[in-house]
Each structure stands twice: as C-alpha cells, then as structure tokens.
Amino acid sequence: MLGDLDLKRIRDGLAGRDLELALVHHASCEEKSFSDTLLAIAEQIAEQSGGRVSIRSGDGEGIPALPALSLSVDGSSNIHYLAEPKGPELPPFLEALKDMTDGCRVKSYDWADKLASIEKPAELYVFMAEGCPHCPQVVRSVLRVASVCRQVAAYVIDAGRYERLAGDFSVRSVPFVVLDRELSTIGPVSVEEIAEQICDRQSSKYPTRVFESLLETGRVSEVASRISRGKNLKEFSTVWVRSNTSSRLGLMMAAELGLNITPGCLADAVPELLAALSSGDAALRGDTADLLGQIGDRRAEEPLRGLLSDPNPDVVELARDALETLTCG
C-alpha cells in the first residue's frame, strides 16, 4: 500500500496532465495476497489521478509471472510491473505514465531517433529490490526506452518476490537488466546504453556479446544446451581463444556438460581451437589440449603431438593425456 508521501507524489505528478490511461491488473490465485496488494495500489493511483487513470482486469497473456500491473494507453500495454511501485520506485512509475502519453517530447534525443528505426521488437526485464540505491535509476532508464518506443516491452520485476523467474536468469545482484532473455547487464546502466544494446542486435558482434553475457552471469547450463545443439560454436571458439584462466572456467564447464549431452558437438569448433595450441599463454595451450581430448576429434592428433615438446611440463602432460584419450577412444 502507498503512504501519504507516495499519494502526494501521485497527485503532484499527475496534476494538469491530459491522461487517458488504464492500469491493467493481472490477478493470481496462487499469490492472492500480493495480487490484492497490487490491485489496492492501482486503486489508490486511480483515485489520486482525479479520474485520469482507470483500472481494468487482464488475462495475464504474455506476462512471465503473475500477479502484475500493466500500464495501458489506447488499449495497448508494453510496460508491466511485477513489483510494488512505491517509495523510491514510484517516481519512475509516474514518469512512465506521463511519458507514455507524450513520448514525442523526448524523441529529439539521438538514442530515441535510433530506436525509431528498429524492425525487431525487443523485450527488457529489469530485476530490482526494495532498498537498492541504484535500482530506481535503472528502472527509470528501462521505462524511458519503453515509453518512447512501443516496440520495446519492459518488465519491472522484484527479484526477491519472483524468485523462480530471477533464478531462470541467475540473478544474484540487482539491478539486473536482461534484453530478449539473453543479453544481461549487471549494475547501473544508462538509457543510452540500453538503447544501444537494442540497436546493436543486428551487428555481427552481438552474438558474441550475448554468449559472453550468459557465461558472465552464470548461465552455464544454457550455454551447454546451446553447444549440445550445435549453436554458438563460432562464439565459443572466439571467446575461448581470448579467455584467461578465470573466465575459461565457465567455458570448460559448459563444454563438458554439452559434450555429455551430445558427444562430438564441438567438432565444428576444432579448427579454431587448434590455433590456440600455439598461444603464448601456457595455461590456454594446456586447457585447449585437454578440451580437444574431450571432443575426441582425430584432427587434433598431430597438433597435440607437437605439444609433447612444449617447454611447459603441465602442457606436455595435458597433451599426452589428450592423445591417450584420442587414440584409445
């Protein structure tokens, strides 16, 4: 429920605005208490708006979890709250209400002009938590993008309340923004950076950014699933070659899991991986030898034999073990 200060913010924020908005309440029988809380907040906002905001019931279609509140203009909703818009989180919510009716006011910004040209719809999840000092500003950035560009759907999600949904994306800290359920950004991010990410989805470098993002946020099982289906092998090789010992741990785990699901699934990555055997980084040479042994592709046999004279004894041992796996497999 909203307190007196929040109610005053609503009255002041919506005063004199020519709004014809609706708050769509998507109920949940399983989470009835929180569902009732969101409905009560919607009723308070509608009351304080002086009739400018109405309330409707929704069917929850397309919403990743329930209950939720959607902000609707002309019967269309692209901003959804799976969180309570109160306290520090209320101002971004009110700003979104206003921006949805006059988004043209901010379209003079370069980032808005770029968003106007996107062809593919985008989806933004922003995970937040009450008391997080950085969350309101990141929520504000995400909502500003969605307010200006109706092809962007934004979901503000309370990570603590929607734990299962947060777990799907390995959310361990907030704010945490996910674009199209793939590219994740942890910590503060500006509206310009979010707009750039959306516009960059067609660039040749974007798949690698997504792949690295999955690893950095601990979504190793998803990377393994992709690898097992023969997807993102180019990105795997690219990231592997430029990885360090620490960042390579996630790749090694994903490779092992993927190979357990589909043996030989990394065969198409072998030519690029072979180049890493001549790296000046001994740890990379050794880990690559180990991985090639797990892949089990005989094309690696001769290059691995070349490592038997490597100046690093650990590399020699790993190459020898890999060769044994290849020749005995």
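**Close-ups of a predicted model**

**View 1. Helix α2 and what it packs against.** The buried residues of α2 are F34, S35, L38, A40, I41, A42, Q44, I45, A46 and Q48. Keep in mind that this is a predicted model. Those buried residues pack against α1 (4-14), β1 (21-26), β2 (53-58), β3 (68-73), β4 (76-82) and α3. The helix itself covers residues 32-48, which makes 17 residues. From first C-alpha to last, α2 reaches 24 Å, close to the 24 Å expected at 1.5 Å a residue. After α2 comes G50, with a positive phi near 70°.

**View 2. The β7–β8 hairpin.** Here strand β7 (residues 176-179) runs antiparallel to strand β8 (residues 183-186), and 4 bridges join the two. Look for V178: its bridge partner in β8 is S184. The hairpin leaves 3 residues between its strands, and D180 in the turn has a positive phi of about 55°.

**View 3. The largest pocket.** This pocket has a volume of about 210 Å³. Its lining is made of E31, F34, P64, A65, L66, P67, R161, Y162, E163, R164, L165 and D168. Sorted by class, the lining has 7 nonpolar residues, 5 charged ones and no polar ones.

**View 4. The second largest pocket.** About 160 Å³ of space lies in this one. Around that space sit E212, L215, E216, V220, V239, R242, S243, N244, S247, G250 and M253. The elements giving two or more residues to this lining are α8 (206-216) and α11. The largest share, 3 residues, comes from α8. By class, there are 4 nonpolar, 4 polar and 3 charged residues.

View 5. The structure holds 1 cavity of 30 Å³ or more, and the largest cavity has a volume of about 40 Å³. Lining it are P92, E95, A96, D99, R140, L143, R144 and S147. Both α3 (90-99) and α5 (135-148) supply at least two residues each. The lining splits into 3 nonpolar, 1 polar and 4 charged residues.

**View 6. E256 on helix α11.** Find E256 in helix α11 (residues 248-261). E256 and L23 are 233 residues apart in sequence, and their C-alpha atoms are 47 Å apart in space.

Note on methods
Residues numbered from 1 in each chain as written. Predicted model: local features only at pLDDT ≥ 70, side-chain atom pairs only at ≥ 80, totals over all residues. Heavy atoms only, no water. Pairing = 2+ DSSP bridges. 1 Å grid on protein atoms, 1.4 Å probe; cavity = no way out; pocket = protein on both sides within 12 Å on 5 of 7 lines; lining within 4 Å. Points joined across faces, edges and corners; volume = space filled by probe spheres on them. Nonpolar A, V, L, I, M, F, W, Y, C, P; charged D, E, K, R; others polar. Expected span 1.5 Å × (residues − 1). Buried < 20%, exposed > 50% of the residue type's maximum accessible area, 1.4 Å probe, protein only. Contact = heavy atoms within 4.5 Å.
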